[in-house]
Amino acid sequence: MSAPTAVQVRTAAVVGTGVIGAAWVAGFLASGLDVVATDPAEGAEARLRSYLESSWDVVSELTGSAEADRGELRFVASAGEAARAADFVQENGPERLEAKRALLAEIDAAARPGVIIASSTSGIEPSALQAACAVDPGRVLVGHPFNPAHIIPLVEVVPGAATSPETAQVALAFYRRVGKKPILVRSEIPGHVTNRLQAALWREAYSLVDRGVVSVADIDTAISHGPGLRWAIVGPLTAQHLSGGAGGLRHLLEHLGPPTQKWMDDLGAPQLTHELADKLVAGMDEQLAGVDQAGLAADRDRLLVDIMRLKHTSRNLP
Ligand SMILES: NC(=O)c1ccc[n+]([C@@H]2O[C@H](COP(=O)([O-])OP(=O)(O)OC[C@H]3O[C@@H](n4cnc5c(N)ncnc54)[C@H](O)[C@@H]3O)[C@@H](O)[C@H]2O)c1
């Protein structure tokens with residue numbers, strides 16, 4: 001049997017239905033795919049079904065799906081059984097190398113020829129995962145989503161040394177088909193790309209708090225009421241391009257490049273010690289004193305959906 005193309009995927013397996021796996025199930029079902037899910041935890045199926053009901057309004061709004069378009073969910077007893085029934089497998093087990101390798105070996109042994117196996121791993125390099133897959137390591141790669149993954153469109157597609165070029169291309173096309181915005185990470189690297197970008201910002205934020213330059217709340221205000229608003233629309237490099245006026249990025253880099261180089265050279269390199277962690281947590285406690293955390297998360301999700309809906313109305317966004 002030949003390998004399914006992205007368009008031919010009708011059934012996706014979701015292995016592990018914790019925070020991230022459940023979000024994948026919600027998105028796949030709303031895109032009209034049937035899903036075969038599995039998770040050995042006590043009560044996992046009931047938790048998943050309850051999550052699907054509570055997240056349906058959001059995912060159906062994002063995908064524009066009606067109830068009738070929703071795929072069917074089947075919950076099965078093992079990763080092998082799920083993989084055998086699927087045209088695409090998304091693995092979301094615990095972030096421990098040996099556990100992942102055992103799970104991927106089981107999936108690889110069961111999946112039909114050519115079925116792509118993607119791991120949601122936040123930081124494990126795909127070559128370390130595909131080395132455990134004796135049948136066909138060429139169909140294994142990383143497909144890394146972002147929390148809340150039923151809403152955030154980004155998926156980092158990271159091929160390993162043995163991944164075939166066709167596997168990466170079909171995975172990219174598949175994620176686009178289910179409403180995601182994938183990027184291809186051309187070389188495997190710890191933390192992939194986006195967590196490294198976040199780490200670059202966190203590094204300086206931690207350093208500034210450590211040095212007493214600003215409070216935790218001030219860091220959050222600086223980003224969420226400042227450049228973060230722009231970054232949700234155009235990304236940090238296009239934001240710079242627009243800051244250059246008619247001369248664009250070229251002018252901006254000539255004009256503000258030299259001071260920026262000085263700032264980059266002066267950035268901190270903090271160690272995340274217990275003392276620094278205590279300082280950051282105390283700052284967060286102070287910032288969120290009296291705030292309802294569940295309400296905050298719900299507002300975050302609602303506003304994210306609004307932003308994404310508004311972004312779809314633009315004709316000019318890249
Ligand atoms: N939470 C995040 O923000 C986030 C974001 C992106 C990617 N990820 C990645 O997604 C993956 C899952 O993370 P999570 O946050 O959903 O963790 P989680 O702890 O919520 O879920 C992991 C699930 O795997 C299940 N599991 C354990 N053994 C299993 C097995 N043999 N077969 C099937 N399922 C099994 C557990 O019961 C649990 O429900 C990890 O690789 C993580 O790095 C997490």
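Predicted model: local features only at pLDDT ≥ 70, side-chain atom pairs only at ≥ 80, totals over all residues.
Student: Which residues come nearest to the ligand?
Tutor: A residue is near a molecule or strand if one of its heavy atoms lies within 4 Å of it. There are 20 residues around the ligand. Those that come nearest are Ile20, Asp39, Glu95, Lys100 and Ser122.

Student: How far is a polar side-chain atom of serine 122 from an oxygen atom of the ligand?
Tutor: A polar contact is a pair of N or O atoms within 3.5 Å; within protein, one must be able to donate a hydrogen and the other to accept it, and residues adjacent in sequence count only if both atoms are side-chain atoms. Aspartate 39 places a polar side-chain atom 2.6 Å from a ligand oxygen. An N or O atom in the side chain of glutamate 95 is also 2.6 Å from an oxygen atom of the ligand. For serine 122, the distance is 2.7 Å.

Student: What share of the ligand's area does the protein bury?
Tutor: Accessible areas come from the Shrake-Rupley method with a 1.4 Å probe; for residues, only the protein chains shown count as cover. Taken alone, the ligand exposes 830 Å². The protein buries 71% of that.

Student: Which helices and strands each supply at least two residues of the shell around the ligand?
Tutor: Helices (H or I, at least four residues) and strands (E, at least two) are DSSP runs, numbered from the N terminus. The elements that each supply at least two shell residues are α1 (19-30), α4 (97-110) and β6 (140-145).

Student: How many residues of the shell are charged?
Tutor: Ala, Val, Leu, Ile, Met, Phe, Trp, Tyr, Cys and Pro count as nonpolar, Asp, Glu, Lys and Arg as charged, and the others, Gly among them, as polar. The shell has 8 nonpolar and 9 polar residues. Its charged residues number 3.

Student: How far apart are the end C-alpha atoms of helix α9?
Tutor: The expected span of a helix is 1.5 Å times one less than its number of residues. Helix α9 (residues 227-243) has 17 residues, and a straight helix would reach 24 Å at 1.5 Å a residue. In α9 the ends are only 12 Å apart.

Student: Where does the kink in α9 lie?
Tutor: The bend at a residue is the angle between axes fitted to the seven residues ending there and the seven starting there. In α9 the kink is about 100°. It comes shortly before proline 236, at isoleucine 233.

Student: Which residues of α9 are buried?
Tutor: Buried means under 20% relative accessible area, exposed over 50%, partly exposed in between (1.4 Å probe, protein chains only). After α9 comes glycine 245, with a positive phi near 60°. The buried residues of α9 are Val234, Gly235 and Ala239.

Student: Why does threonine 38 count as buried, and which backbone atoms lie by its side chain?
Tutor: Threonine 38 sits in strand β2 (residues 34-38). It is buried because its relative accessible area is 5%. A polar atom of its side chain lies 3.4 Å from the backbone nitrogen of serine 78. It also has a polar side-chain atom 3.0 Å from the backbone oxygen of valine 76.

Student: Is proline 165 buried or exposed?
Tutor: Proline 165 belongs to helix α6 (residues 165-177). Its relative accessibility is 68%, so proline 165 counts as exposed.

Student: Which residues does the cis peptide bond join?
Tutor: Proline 148 lies in the loop between β6 and β7 (154-159). Omega of the cis bond is about -5°. The bond joins asparagine 147 and proline 148.

Student: What is the phi of histidine 192?
Tutor: Histidine 192 lies in the loop between β8 (181-184) and α7 (194-210). At a relative accessible area of 1%, histidine 192 is buried. It is not a glycine, yet its phi is positive, about 55°.

Student: Which side chain does glutamine 198 contact?
Tutor: Glutamine 198 is in helix α7. Its relative accessible area is 31%, so glutamine 198 is partly exposed. A polar contact of 3.0 Å joins its side chain to that of asparagine 195.

Notes:
Residues numbered from 1 in each chain as written. Heavy atoms only, no water.
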